[in-house]
Amino acid sequence: MKPLLESLFPGREINMAGEIFDRTPGTGIIVFEVLIILATMASIFYLGKIKKKVPQRYLIIVTGIFIFEMFTGPMWNNLHLGVWAYLYHDVSWILTMGWSTCILFSVLLTEHFLPGLPPAKRFLVSLLAMLGLGVAGETIVVKLGIRTYSPEVHEVIWGYVPFLDIPLNVFYYIPVFTALVIGFYGYWSLVLDDKPVMPMKKRKWGRDFLIALAGILLFEIMIEPMVTNANLPKWSYIYRDISLLITGGWILIVWLSLKIIDRYFIWLELGHRFILYVITIGIIAMPAEAWLISEKIRVYGPSAVRDMSGIKFFGMIPVEVIFAIPLYFALVVAFIRYWELILDNRSLQ
């Protein structure tokens, strides 16, 4: 049925629910895409004069953005970009390129013009710059008719910004999203630049736990429209269906995994240790997620289910969730470890 529908509607995608996503671009959108490509080329050329390994840095940011877009795809729709502009469902390399260029520009210019600031403060400056760029970018894609939001997101929208027609939620979504990607870039830039990182004899367990709490809780609130935590004690809910039991469980899994690996595998370089972090957390988190799904505690929303293939492992956990778990934790782990590293190592200041 799906191939037949797609043959009847060229330039459009028919999802698993039979809904039509129009990919046909207008003149304004084509101009927008060309401008993004030209701006990316110009930015890489200019930044290459003030910073080494700019293409590699750009690739790190592209990876972080792509991970985020793959994981959060059910929350929004990207339409009318042309059949050439999509990689998977409505995930577009054009929008990935645009976001990546903005982040690369804000991060590298902050490093160049404010070299005396500690990394933590530069992080915050980059985040503030990205809020302005992100709001402008979101306004443009909404005005052009590229961006729409899933019904689940509409249910939690606080209101709209006058004249811009974008949800007020973007003032929360953009900082959380860009903080994760900048943290991802920050961690892997240490690997790229081969920065010396000294192991700490005395760990600041309380501080590190709070960093893990911030990274996971803020992201959980952001993606809350995608999945519902149901059938839990009422006292455990702290915001809508965000539950201390679920979020607290993820925090403990991540925090303890990082501490154990850093204790016994400190001799591994940062890149290899990161891979071990994600594998270890994934091994623990996947069966936990499968059990939560089977007990109807984790219930994925219609927009998430809409794009699922129907293939399940062990008869209960969708294959898309299998891939989403390491994507989610890759961003969160990089954010947590980057902040721990820059706060612990004076050599990185």
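## Starting point

A residue is called buried when its relative accessible area is under 20%, exposed when it is over 50%, and partly exposed in between (1.4 Å probe, protein chains only). This is a predicted model, where local features need pLDDT of at least 70, side-chain atom pairs count only at pLDDT 80 or more, and totals for chains, interfaces and linings use all residues. Residues are numbered from 1 along each chain as its sequence is written, and side-chain values use heavy atoms, with hydrogens and water left out.

## Helix H12

Let's take H12, residues 319-344. Helices here are DSSP runs of H or I with at least four residues, numbered from the N terminus. H12 has 26 residues and spans 38 Å from first C-alpha to last, close to the expected 38 Å (1.5 Å times one less than its number of residues). Of those 26 residues, 21 are buried, so H12 is mostly covered.

## The nonpolar core

A nonpolar core is a set of buried Ala, Val, Leu, Ile, Met, Phe, Trp, Tyr and Cys residues joined through side-chain atoms within 4.5 Å. The largest one here has 102 residues, and Phe 219, Met 222 and Phe 274 have the most contacts inside it. H12 gives this core its largest share, 17 residues.

Phe 274 is in contact (heavy atoms within 4.5 Å) with residues including Trp 188, Ala 330 and Val 333, leaving aside neighbours within four places in sequence.

## A look at Ser 43

Now for Ser 43, which sits in helix H2, residues 27-47. Ser 43 counts as buried because its relative accessibility is 10%. Leaving out residues up to four places away in sequence, Ser 43 touches Thr 101 and Phe 105. Phe 105 is 62 residues away along the chain, yet the two C-alpha atoms are 7.0 Å apart.

Terms used. Helices (H or I, at least four residues) and strands (E, at least two) are DSSP runs, numbered from the N terminus.
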